Amino acid sequence: MRKNNIHVKIKLSVLCFMFSSVISIAQISPQYVNGEVYLKIRDNSTISLGTTTSVSLSSVSFLNALSQTFKIQNITRSFYNGDVKTGITSANSQVAAAALRISKIVRIKLANPNQTDAFIALAKTYADVEYVEKVQMFSTGVTPNDIGANSQTGTGQWALYKVNAMQAWGITIGNPSVIVAVVDNAIDTSHLDLVNNVVGGRDVADGDNNTIPSNTAMNHGTHVAGIVGAQTNNSFGIASIGYNIKVMPVKTAKDTDGTTTISFGYEGITWAAQNGAKVINCSWRAPTSIADGGSVDSSYPTQRDVINFAIQNGCVLVVAAGNDNTSNLTIPAGFTNVISVASTGFTDVKSSFSNYGSWIDISAPGESIYSTLPSNSYASWDGTSMASPLVAGIVGLMYSINPNLTRDQCETCLRNSALNIDANNSGFAGKLGSGRVDAHGAVLCAQNLRCPSTLTLTTSINSGTQLFQSSSNIFSTSQISGNTTNITYKAGNQIKLQQGFKVSNQAVFKAYLAGCSAARMASENAEITEFKSDEISILSASPNPVVNGEFIISYSVTTDGLASISLANVMGEHIKTIVPEKYHEKGTYKVSVNATDLRNGLYLYTLRGDNVFQSKKILIQH
Ligand SMILES: [Ca+2]
Ligand SMILES: [Ca+2]
Ligand SMILES: [Ca+2]
């Protein structure tokens, strides 16, 4: 079935409304090899690393000293081999110098990966160390076992290659907690390539939970759903851009409707927004006579209000522009705050059928798109209906890597990473949005906007006692004093509290990541740091010092709410979670802590909760 059958021709004779909202947990691809660093010993150092790739700890005095604080599991010379040795003796002085340099790099594996940052900070203080850094994790692209060829014929899935899906999947293959609603005529959720990738949906047209079409000709939504989220890497059928993200099927045509009718689209948008969708795809449109440059907002107030409701619920709406080859606005694509998608072909040229205009936000492949159809079949279709779900799936990947992305950030990332295709489209410059979508660039942009887990002070203190600062850290060795002092840092990167940091009674110290709310930082590795007086006796540990590898923390929660206990080193770096965040009724609690895996030294244990924040020191001496 090709363009003529496809439809983007769905009539909005009765417009529907729908929506979604949602929340998700980030699946974060590891950026670094857990607990491993490269450390370069200065070329002119007198330290000898021997003649083998394995380096003995006892042969390098400063590493031996470091290992007293941070257990070093092993040390290897990753780049020391025969070639390097030959290079070092090379008659070419530049070759020899380069070989010498890499021969002095060791790769160190720490017993406790949580101590990596602290290890780096301390290692840098040794004169023999030129640099030390984490071992970066690289990723090849991901190629699922069911992706079709890079072709427009047969079972080909050229669109995934065109938008660099494999590279995007190298960053994230999607988080199943991110839900993309397919608000469409009907969705065959029993299709073997969809059945495991759908969440509970709704037939808002007939008022039941069965979204399966009443006849196989009512097939549009099934095709759209497969593009967003057919089960991928299951050795079956097709791959989808969304990979692991979930599809929420929302049926908006009555069983008795025609096969291309959407009669309850806006009811569907509303249902999706209220039931956990983060992204809502609408591959349907009604034409208007409003010319490019105009606005549909005042003419269609019901639709405007429903779309606004979905946006306020945190949803991103992705809408097909329509297949009328016109620059007139269509709806819903013409509403400003939805992402409107035009269609392009294999060479990034506008599809002959695609609508266009200044109201388009982005373009995406929409010709010969192979996807699922009812009764376990597949076919290639054309249409902006096919372009839109590709973008919706990319948006799902973006929220998988960064659940805190705002709608505006999402659109900006999509636009800024798109490939400018004006040169391929004379006469349509500026009328195909920001260009052809690039999944890799969009996901990378979303990833880069994640709030970093550490902070750097970038603004000065407005009141209270000035603390010692450096460009990258707050090293607090002095005090914040005064009974009513409240100091808030808005920081960009990293805040570390050194031993000796103290906040006087009733004074408050807070550190926030610039651009991140406190809630956004409230994860295990985030550094939202608030110190209040430790004179309120709601937190204690015994014995202190710890000598037998175990201690008991006692704490009080004075009002019902969430609370957690964590352990950090004196640099403020997270070591372990002792009590994961959970609801506590008002009361007193005790928790036993096994300290046998901790090096001797001073630690901070912290009680964090809705209504409490307290941190105290404990000394471990095995
Ligand atoms: Ca039904
Ligand atoms: Ca599949
Ligand atoms: Ca828009």
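Mentor: Buried means under 20% relative accessible area, exposed over 50%, and partly exposed in between (1.4 Å probe, protein chains only). Our model is predicted, so local features need pLDDT of at least 70, side-chain atom pairs need 80 or more, and totals for chains, interfaces and linings use all residues. Residues count from 1 along each chain as written, chains are lettered from A and ligands numbered from 1 in written order, and side-chain values use heavy atoms, without hydrogens or water.

Trainee: How are the donor residues of the calcium ion (ligand 1) spaced in sequence?

Mentor: Donors are N, O and S atoms within 2.8 Å of the metal (3.2 Å for Na, K and Ca), and sites may look incomplete as water isn't among the atoms. Here Asp203, Asp208 and Asn210 coordinate the ion at 2.3 to 2.7 Å. Asp208 is partly exposed at 26%, and so is Asn210 at 42%. The spacing reads D-x4-D-x1-N.

Trainee: Which residues does the UniProt annotation "active site" cover?

Mentor: That unreviewed entry marks three residues, Asp184, His220 and Ser385. They span 202 residues in sequence, yet no two of their C-alpha atoms are more than 10.1 Å apart, so they gather at one spot. UniProt positions follow the numbering used here, feature names are shortened, and annotations may be inferred rather than shown by experiment. Asp184 is buried at 0%, as is Ser385 at 0%.
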